[in-house]
There are 2 protein chains.
Amino acid sequence: MPELSEFQADFLQYMKVNSFSKAPEGLYEPVDYIMQLGGKRLRPVLVLMAYQLFEETYDEALPVSMAVEVFHNFSLVHDDIMDAAPLRRGKPTVHHRYGLNTGILSGDVMLILCYEFLLKVEKRHLVADLVAVFNEMAVKVCEGQQYDMDFETRKDVTIPAYLTMIEYKTAALIECCLALGAILAEAGSENVDHLRAFGRNIGLAFQMQDDILDTFGDPEKFGKKVGGDILNNKKTFLVLKAMELASAEDRKALDTWMETTEVNEEEKITAVRALFRKWKVHELAAEKMDQYQKTAFEHLLQVQAPAAKKQLLFDLADQLLVREV
Amino acid sequence: MPELSEFQADFLQYMKVNSFSKAPEGLYEPVDYIMQLGGKRLRPVLVLMAYQLFEETYDEALPVSMAVEVFHNFSLVHDDIMDAAPLRRGKPTVHHRYGLNTGILSGDVMLILCYEFLLKVEKRHLVADLVAVFNEMAVKVCEGQQYDMDFETRKDVTIPAYLTMIEYKTAALIECCLALGAILAEAGSENVDHLRAFGRNIGLAFQMQDDILDTFGDPEKFGKKVGGDILNNKKTFLVLKAMELASAEDRKALDTWMETTEVNEEEKITAVRALFRKWKVHELAAEKMDQYQKTAFEHLLQVQAPAAKKQLLFDLADQLLVREV
């Protein structure tokens with residue numbers, strides 16, 4: 001049984017052989033740049049693992065795993081423009097390094113190249129299904145990004161609306177990885193559906209964890225600045241739940257903090273965090289996260305595949321959901 | 001035999017039924033806005049006409065015709081951002097009306113929706129071929145746009161490099177329209193190849209005409225400002241050919257004009273136009289355009305389809321290439 005590191009190494013090898021170093025350089029160099037910024041390559045590994053549940057090897061799934069990694073990086077390039085982010089993994093973002101126009105156009109070609117990789121699969125009769133599932137995800141990711149931007153200025157965001165937003169923006173791609181791997185392995189609709197549900201719920205649990213860590217995480221271990229969501233007045237699960245549960249007085253206090261931008265940063269983070277603790281919303285978020293993980297695992301149990309192979313996915317999910325807090 | 005106006009009306013009807021008015025509004029309203037700015041819908045009509053060469057009706061080709069129109073409009077949205085263009089067909093561009101982030105994200109979702117329409121064809125076994133041809137075109141359009149941007153600052157642009165650039169940026173989409181229609185009609189590879197060559201050469205002739213009209217066109221009839229290419233120091237066929245043929249003195253004069261930006265606009269246009277006339281480069285461009293059209297028509301003659309149906313494409317090409325000058 002291959003280990004996680006083998007999946008990662010095989011994917012990186014495929015990526016190396018299929019590098020984007022071609023003309024025009026101004027278009028493709030930024031693609032290589034963002035693709036090589038690193039990361040754990042979990043999305044492509046999920047494609048390979050899902051495929052390998054039903055097959056002996058996973059070479060056939062490598063082009064599909066590349067499609068999801070290119071898509072993920074496309075979305076980073078364009079999101080970084082929309083968020084005006086200067087840095088990504090400690091390096092300049094594409095538009096900061098190469099300019100806005102290059103950021104837009106290199107992102108566009110990456111989105112197109114995703115389909116190029118889907119077309120590379122040997123099982124030509126599956127291309128239409130793969131493109132359909134991929135497309136459904138890609139539309140959701142755009143819609144999720146739009147809802148996320150809309151929520152910044154909306155005062156009436158509900159928790160269900162928030163959960164739909166993170167399902168679209170984050171969980172849909174994880175779900176798609178598992179769906180693509182299983183469809184390519186012709187695993188049958190029941191297995192595909194259970195793997196999709198596994199992926200979707202892991203994605204939701206992961207985003208819930210990210211919300212918690214952004215506010216309560218260990219600054220040493222958390223990649224981004226702890227308290228970033230609070231400073232950006234993001235309407236996370238924590239905020240929305242606090243608004244639902246807190247006393248009128250505390251709701252007003254939270255509201256005031258969320259409308260303040262010219263402020264001592266540490267003071268604001270400390271005050272908002274204290275309000276979250278008082279109304280135990282971080283505990284409710286952790287419970288929600290656990291529920292998602294539980295649901296995910298129930299679906300994975302239902303998948304008709306060797307237990308030892310499924311264990312790889314259980315382990316990977318456990319690793320993703322570290323429960324540091 | 002349906003007339004051009006019937007093809008246009010049927011396409012507009014399909015577009016109406018498949019409007020983009022859904023949630024989130026912030027994402028899809030700009031898509032409807034740009035799609036409804038108008039235009040002659042020549043690209044979708046070309047898909048329908050190519051299909052109809054080999055079939056009795058063209059309903060089956062409507063989703064594919066929609067894919068190319070959505071792609072064309074996607075490229076306008078993102079190109080307008082890259083060109084910092086405030087207006088498109090006399091109306092505010094998407095990013096001017098809705099903001100940069102919306103311009104990027106609505107463009108992205110349009111690119112994704114193209115594939116959605118390709119997936120709608122009833123002949124499921126053709127989806128992979130359609131996506132492959134569409135993708136080849138989409139990559140070329142991005143590469144062409146990159147070359148176009150690169151050429152602005154390059155001093156070593158050759159005429160072959162320029163012709164490749166316009167082939168990618170403009171002609172590839174026209175070629176693709178004809179290819180998609182013919183492939184969907186299962187017209188056979190010889191017919192597909194001749195129709196592709198017809199479309200590519202018509203696209204090149206059309207761009208050559210656009211270069212001429214931009215400098216020598218009738219301001220009343222030409223949609224854009226006449227002289228725009230000269231003021232923007234664009235390295236068109238006219239400029240490159242003049243640089244090849246002119247005396248050292250005139251080359252230097254042209255060079256000086258092309259490096260000048262702070263200048264009386266009419267004076268610059270008049271002077272550069274005079275240099276073009278002196279070295280007869282507009283006549284050479286018109287000859288080149290005629291050659292492309294001739295080649296295009298030779299290929300269309302070779303297509304195995306009823307002459308009366310092919311006449312529709314001859315007529316449309318003649319209408320496109322008006323030879324106003």
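# Loops, contacts and salt bridges

Biologist: Between which two strands of chain A is the loop in which Arg89(A) lies?

Modeller: This is a predicted model, and in it Arg89(A) has a phi near 50°, a positive value in a residue other than glycine. With a relative accessible area of 44%, Arg89(A) falls between the limits of 20% and 50% and is therefore partly exposed. Its loop is the one between β1 (87–88) and β2 (91–92) of chain A.

Biologist: Which residue of chain B forms a salt bridge with Arg41(B)?

Modeller: Arg41(B) is itself buried, with a relative accessible area of 7%, and lies in the loop between α2 and α3 (42–52) of chain B. The partner sits in helix α4 of chain B, so the pair ties together parts that are 28 residues apart in sequence. With the closest N and O atoms 2.7 Å apart, the partner is Glu69(B).

Biologist: About how much area do chain B and chain A bury between them?

Modeller: The contact takes 37 residues from chain B and 37 residues from chain A. Of the area that is buried, 70% lies on carbon and sulfur atoms. The area itself is about 3,400 Å².

Biologist: Which residue of chain A meets Asp129(B) in a salt bridge?

Modeller: The rule finds 2 salt bridges across the interface of chain B and chain A, and 12 residue pairs are in polar contact between the chains. In one of the salt bridges, where the side chain of Asp129(B) takes part, the N to O distance is 3.0 Å, and the partner is Arg124(A).

Biologist: Which helix gives the largest share of the side of chain B that touches chain A?

Modeller: The elements of chain B that give two or more residues to this side are α2 (25–35), α4 (62–82), α6 (100–118) and α7 (127–153). The largest share, 15 residues, comes from α7(B).

Biologist: How many nonpolar residues are on the side of chain B that touches chain A?

Modeller: Sorted by class, this side has 6 polar and 6 charged residues. The number of nonpolar residues is 25.

Biologist: How many of the 11 residues of α2(A) are buried?

Modeller: Helix α2 of chain A, residues 25–35, is mostly covered. The buried residues include Leu27(A), Tyr28(A), Pro30(A) and Val31(A), and Asp32(A), Tyr33(A), Ile34(A) and Met35(A) are among them as well. The number buried is 8.

Biologist: What is the omega of the cis peptide bond between Ala23(A) and Pro24(A)?

Modeller: Pro24(A) is located in the loop between α1 (4–17) and α2 of chain A. In chain B, the peptide bond from Ala23(B) to Pro24(B) is cis with omega near -5°. For the bond that joins Ala23(A) and Pro24(A), omega is about -5°.

Biologist: How many residues apart in sequence are Lys155(B) and Asp255(B), whose side chains meet in a salt bridge?

Modeller: The N to O distance in this pair is 3.4 Å. Lys155(B) is exposed, with a relative accessible area of 62%, whereas Asp255(B), at 28%, counts as partly exposed. Lys155(B) lies in the loop between α7 and α8 (159–184) of chain B and Asp255(B) in helix α12 (residues 248–259) of chain B, so the pair ties together parts whose separation in sequence, in residues, is 100.

Key:
Residues are numbered from 1 along each chain as its sequence is written. Chains are lettered from A and ligands numbered from 1 in the order in which they are written. This is a predicted model: local features need pLDDT of at least 70, side-chain atom pairs count only at pLDDT 80 or more; totals for chains, interfaces and linings use all residues. Side-chain values use heavy atoms; hydrogens and water are left out. Contact means heavy atoms within 4.5 Å. Buried area is the accessible area (1.4 Å probe) that two parts lose on being put together, summed over both. A salt bridge is a side-chain nitrogen of Lys or Arg within 4 Å of a carboxyl oxygen of Asp or Glu. A polar contact is a pair of N or O atoms within 3.5 Å; within protein, one must be able to donate a hydrogen and the other to accept it, and residues adjacent in sequence count only if both atoms are side-chain atoms. Helices (H or I, at least four residues) and strands (E, at least two) are DSSP runs, numbered from the N terminus. Ala, Val, Leu, Ile, Met, Phe, Trp, Tyr, Cys and Pro count as nonpolar, Asp, Glu, Lys and Arg as charged, and the others, Gly among them, as polar. Buried means under 20% relative accessible area, exposed over 50%, partly exposed in between (1.4 Å probe, protein chains only).
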